[in-house]
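Here are my notes on this model, point by point. Please read them beside the coordinates.

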Amino acid sequence: MTIETISTNRAFGGVQGVYRHASAETGTDMTFSVFVPPQAEAGKKLPVVWYLSGLTCTHANVTEKGEFRRACAELGLIFVAPDTSPRGEGVPDDAEGAYDFGLGAGFYVDATEAPFAANYRMRSYIERELPALIAEHFPADMERQGITGHSMGGHGALTIALRNPGRYRSVSAFAPIVSPLRCPWGEKALTGYVGADRAGWRQYDATALIEDGARLPELLVDQGEADNFLEGQLKPQLLAEACAAADIPLTLRMQPGYDHSYYFISTFMEDHLRWHAERLG
């Protein structure tokens, strides 16, 4: 598997890179960013934290606004930020150009419905193809992986971790969509990508996966109390109820005054990275 280097920049003693490759899963070129901290220069393999972005985003949003590099450089963490959907000429989009479906809104599922099934395979891309690429081209210790994400990416982080027990030693999220079965964003996306049969949606819903027996050792979630999407789309209380019923230790921090933006994410990014580093060794 080959990759093309789009750019590299020195930062906090490490290297922030942006890369592109031809994806077999999506049938498109995919772009992602990787920060490799200075500890890699000693020939060490380092733990990896995956960050999955939310609706409308690319790899660039967190790369430019996430304020993660200083902490990753101190803690010795590789930080990987994929895109949120396939892109390119011929990739199907929402017919009306809506922001919450199609390009930029892959929802980390493997689509089964036409015309999306050919390209929208973000579940397999994140779970299989991109990790193999990272392991081949970067000094990544794939036995020490953590995963986090924001909003739609928080949904992705939670569901991917729940479906792959033991792969991720640490899991966290920023304002995640915790139950796509019970919010407008999720209902639209899952209907369009995987069809009207709601039973098939459960593999893409964190609360449903927990109800069906999936488990995590523990979980950290930050949620802004001034988030415009809190009540209608995010509903963190549903995750709290599912974790309580399943005896999953959940630290849910409701943050007064914070919204859904990268001002919120960047404020608590270091907390999350330190939490991951403690568990990744």
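1. Tyrosine 193 first. Setting aside neighbours within four places in sequence, tyrosine 193 is in contact with Phe101, Gly102, Ala105, Gly106, Phe107, Val109, Ala111, Thr112, Glu113, Phe116 and Tyr120. Contact means heavy atoms within 4.5 Å.

2. Ground rules. This is a predicted model: local features need pLDDT of at least 70, side-chain atom pairs count only at pLDDT 80 or more, and totals for chains, interfaces and linings use all residues. Residues are numbered from 1 along each chain as its sequence is written, and side-chain values use heavy atoms, leaving out hydrogens and water.

3. Core. The largest nonpolar core has 89 residues, and Phe79 and Tyr193 touch the most other members. Helix H9 (residues 262–280) gives the largest share of this core, eight residues. Such a core is a set of buried Ala, Val, Leu, Ile, Met, Phe, Trp, Tyr and Cys residues joined through side-chain atoms within 4.5 Å; buried means under 20% relative accessible area, exposed over 50%, partly exposed in between (1.4 Å probe, protein chains only). Helices (H or I, at least four residues) and strands (E, at least two) are DSSP runs, numbered from the N terminus.

4. Cysteines. The disulfide count is zero, a disulfide being a pair of cysteine sulfur atoms within 2.5 Å. The sulfur of cysteine 183 lies 17 Å from the closest cysteine sulfur, in cysteine 57, too far for a bond. Cysteine 183 is buried, at 2% relative accessible area. Cysteine 243 is buried too, at 1%.
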